[in-house]
Amino acid sequence: MPQALQTRCTRPVSRIVCGHPEGGGLKIKSLNWYEDNNYKALFGNHGNDSDSETQSTYDNSSTPYCNNLMKNMESSPISRMIWRALKPLLMGKILYTPDTPATQRIIHEVNKTFQELGVLRELGGMWDEVKPRILNFIENSEEMDLVRTMLQNNASAAFLNSQLSGTEWRVSDISLFLSKAAKDPRRPGSPYTWRDVFNETDHAIQTISRFMECVNLDKLEPVANEERLVNKSMGLLDNQRFWAGIVFPDIEPSNSTELPAKVNYKIRMDIDNVERTNKIKDSYWDPGPRADPFEDLRYIWGGFSYLQDIIEHGIIRAVTGTTEKIGVYLQQMPYPCYVDDM
């Protein structure tokens, strides 16, 4: 069979089964089960040229710890796919328009959420200040020495054991836990002491503090209009540094601080991070709930639901002046019981 004729015969089959016409992308209805971008992230297929895959570059605005973390996350297909979903939320920008005194009232309330997270970034510095005091108190203070003496006294130990009846604890266990253990690392089989708790707490706080240095808390950035918002977001998307855009269509650019009684807004995000709105049902549907964590929970892992909750709470506080936090409960659309539930 001539090559040209063979190509013409196999091309329709390839288009239906694989869904990849010339030029790439899912241009037609397809039987394939994967999403194009997830496939690319998993197998590192970013076009016909494998060298075109985005590599992790050193970020001078970040710390060496963060750069090393990003490099490690980009090193394997699975972690790369997870990191590219999380990176917009951790390091991405939230653009908003218009930039007026009225919208600033809402944005000020929205920004409080990210300001509260800033405490975690300062946690390491605060811990470094109190850590020597805690260590000195437990190890050298007269109060702790008195407690250790009481635990070793027969009379007080008998009384405390009677109070601990019905529990798994004994005075001997507490005495070992509070003992002045050696500073060397705990050997396997040795008793668990307060120093082990202290060291684990120190490690956890330092890890959280360093990780928070990788989180951009200065997320909210104004732009003049929606067109510029879209243009700027396209540039940020190239580096996965765009979380979302917020547009207040009914608030006209002015110097007024008054907000309408009903505030309309829309959230604009990368289509790959939210549900597509051009269909209400999969073309090749099979029974079962839409509970796939990658394909069906995009509003969750893409950050849309969290941002919507933050914005609506900000609007409520800005319009009503209330400071009380209101809880929100969300539940996906229920699905009838089916055989795979058994």
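## Salt bridges

The structure, a predicted model, holds eleven salt bridges, each being a side-chain nitrogen of Lys or Arg within 4 Å of a carboxyl oxygen of Asp or Glu. In one of them the side chains of Lys 93 and Glu 221 meet at 3.6 Å, N to O. Because Lys 93 lies in strand β1 (residues 93-97) and Glu 221 in strand β2 (residues 220-222), this pair ties together parts that are 128 residues apart in sequence; helices (H or I, at least four residues) and strands (E, at least two) are DSSP runs, numbered from the N terminus.

Lys 93 is buried, with a relative accessible area of 18%, and Glu 221 counts as buried at 19%, where buried means under 20% relative accessible area, exposed over 50% and partly exposed in between (1.4 Å probe, protein chains only). Glu 221 also forms a salt bridge with Lys 232, with the closest N and O atoms 2.0 Å apart. Lys 232, in helix α10 (residues 226-237), is eleven residues from Glu 221 and counts as partly exposed at 35% relative accessibility.

## Helix α4

Helix α4 (residues 77-91) has 15 residues and reaches 20 Å from its first C-alpha to its last, close to the 21 Å expected at 1.5 Å a residue, that span being 1.5 Å times one less than its number of residues. Its buried residues include Trp 83, Arg 84 and Pro 88.

## Basis of the values

Residues are numbered from 1 along each chain as its sequence is written, and side-chain values use heavy atoms, with hydrogens and water left out. Local features need pLDDT of at least 70 and side-chain atom pairs count only at pLDDT 80 or more, whereas totals for chains, interfaces and linings use all residues.
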